[in-house]
Amino acid sequence: MDKIIIRGNNPLKGRIPIHGAKNAVLPLMAASILAESPCILHNVPCLHDVFTMDKLLTQMGVQIEFTGRYMTLSVPNRISPIAPYDLVRKMRASFFILGPLLARFGKARVSLPGGCSIGTRPVDIHLKGLEKLGAKIRLEEGYVIAEGKLKGTDIYLDFPSVGATENLIMSATLAKGTTRLFNPAQEPEIIDLADFLNKMGAKIEGAGTEVITIKGTKSLCGTEHHVIPDRIEAGTFLIAGLATNGDVQVNNIIPEHLHTFITKLDEMGAEIQIGHHSIRVKTPTRPIKAINVTTLPYPGFPTDLQAQMMALLTCAEGTSIIKETVFENRFLHAAELIRMGADISLEGNTAIIRGVKKLKGAPVMASDLRASAALVIAGLMAKEGETIISRVYHLDRGYERIEERLASLGADIQRIHEE
Ligand code: EPZ
């Protein structure tokens, strides 16, 4: 397994182009199952999770061409609507194919995703919604078996789950009649999915608001679509710049997707310049100030930037409090940051971070995608020593060649390939 070695204390300076969003492209790939003719996606990021979704769809019979950042997906009239455990357990987003398979082919057999390091991550909201749409659902040997004709109805989501919202939107596009989703997720990735489906001939209104209305249609056809930029990747690089007393600009982004995040950087005293498709963050002359952060569903502060923000706050002036309200176990990075000299105490879903003068490099272990990004940021911040991060496969799921891109900004970072 590869390792990443970082010698910190180099300020990151420069511009970095942001790629297509992992959390947009995965549901878009799943949604292509609904189309009776080929779909084309542009700005597809080259990430391990995209390769996993490609493998899952291909083994079901979908023909996929993926070169550079261009992907075509052609779904024959008959595919094997089965998503095996060995692929679904690797990537929870595989569960997003349940809705499209059921809607188009009337049946699906998808492995339950199981938990992961950040939480048990149940799928009850997905299944309850599909049952309301008329699906017959049973669990057998760790698989969800769903079948039946779908009929539009009103569905209230107990929590604005991103995946459940996506599964239910996709299912409702081919249901008979109209479906309204109340309390859906409002993330930009939901809007991107709705845009893609509407180009395929779906009739979706209200994506990004508290009620989404989907009028069922008979069939959908292929279309072409440009994946929205990755707001989490952008936020990660901006935090890395601020954490190293640097000056980083992220390009090819949609600034309003990062509105709440930017207000937090402003609260810390960062100097921020917002362009049409870029954000530049410069470190202030005085130390950054401690702040309080509560993660919330969009448009609140994104849980996917919580770990990276915690790394940054370890050396802020004062005491910060982070409250994680979206996942029940998303502080695994705290113990590793403490090994690097951070002063963090955890009380349930609250982390108290007392600013220290500096972090020191140490061997650390990645536990999940965003925790590993936090460890990279901490390594870049460390004023002395070397940080060796193991299990970087977590990082590769959501960040493309991160060590090369950080090195282009001045980081002293390299990847060691180990069998
Ligand atoms: C999506 O996961 C993202 N993944 C996650 O990004 C992101 O953290 C999350 O949304 C929240 O924004 C993709 O889009 C591929 P949820 P998802 O359903 O859909 C509970 C990353 O790092 N819940 O909104 O799985 C659940 O346990 C990843 O890129 C239920 O209780 O998230 C969690 O506590 C990590 N029952 C909360 O809702 C359900 O049926 C949010 O989960 C579904 C969810």
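Author: Start with Ser161: an N or O atom of its side chain sits 2.7 Å from an oxygen atom of the ligand. That makes a polar contact, meaning a pair of N or O atoms within 3.5 Å; inside the protein, one atom must be able to donate a hydrogen and the other to accept it, and residues adjacent in sequence count only if both atoms are side-chain atoms. On its own the ligand would expose 820 Å², and the protein buries 89% of that. Those areas come from the Shrake-Rupley method with a 1.4 Å probe; for residues, only the protein chains shown count as cover.

Keep in mind that this is a predicted model: local features need pLDDT of at least 70, side-chain atom pairs count only at pLDDT 80 or more, and totals for chains, interfaces and linings use all residues. Residues are numbered from 1 along each chain as its sequence is written, and side-chain values use heavy atoms, with hydrogens and water left out.

Now the whole shell. There are 22 residues around the ligand, and the closest are Arg92, Asp124, Ser161, Asp304 and Val326; a residue is counted if one of its heavy atoms lies within 4 Å of the ligand. By class, that's 10 nonpolar, 5 polar and 7 charged residues. Here Ala, Val, Leu, Ile, Met, Phe, Trp, Tyr, Cys and Pro count as nonpolar, Asp, Glu, Lys and Arg as charged, and the others, Gly among them, as polar.

Which element gives the largest share of the shell? That's α5, with 3 residues. Helices (H or I, at least four residues) and strands (E, at least two) are DSSP runs, numbered from the N terminus. In α5, Ile125, His126, Leu127, Gly129 and Leu130 are buried, where buried means under 20% relative accessible area, exposed over 50% and partly exposed in between (1.4 Å probe, protein chains only). The cover over those buried residues includes α4 (98-105), β8 (136-140), β9 (143-147), β10 (154-156) and α6. Just after α5, Gly134 takes a positive phi of about 105°.

Another helix worth a look is α1: 9 of its 10 residues are buried, so it is largely enclosed by the rest of the structure. The buried ones are Lys22, Ala24, Val25, Leu26, Pro27, Leu28, Met29, Ala30 and Ala31.

How does the site sit in the chain as a whole? The domain assignment gives domain 1 (3-19 + 229-416) and domain 2 (22-226), with bounds from an automatic or database domain assignment. The ligand shell draws at least three residues from each of domain 1 and domain 2. The C-alpha centres of the two domains lie 30 Å apart, and 22 residues of domain 1 are in contact with 22 residues of domain 2, contact meaning heavy atoms within 4.5 Å.
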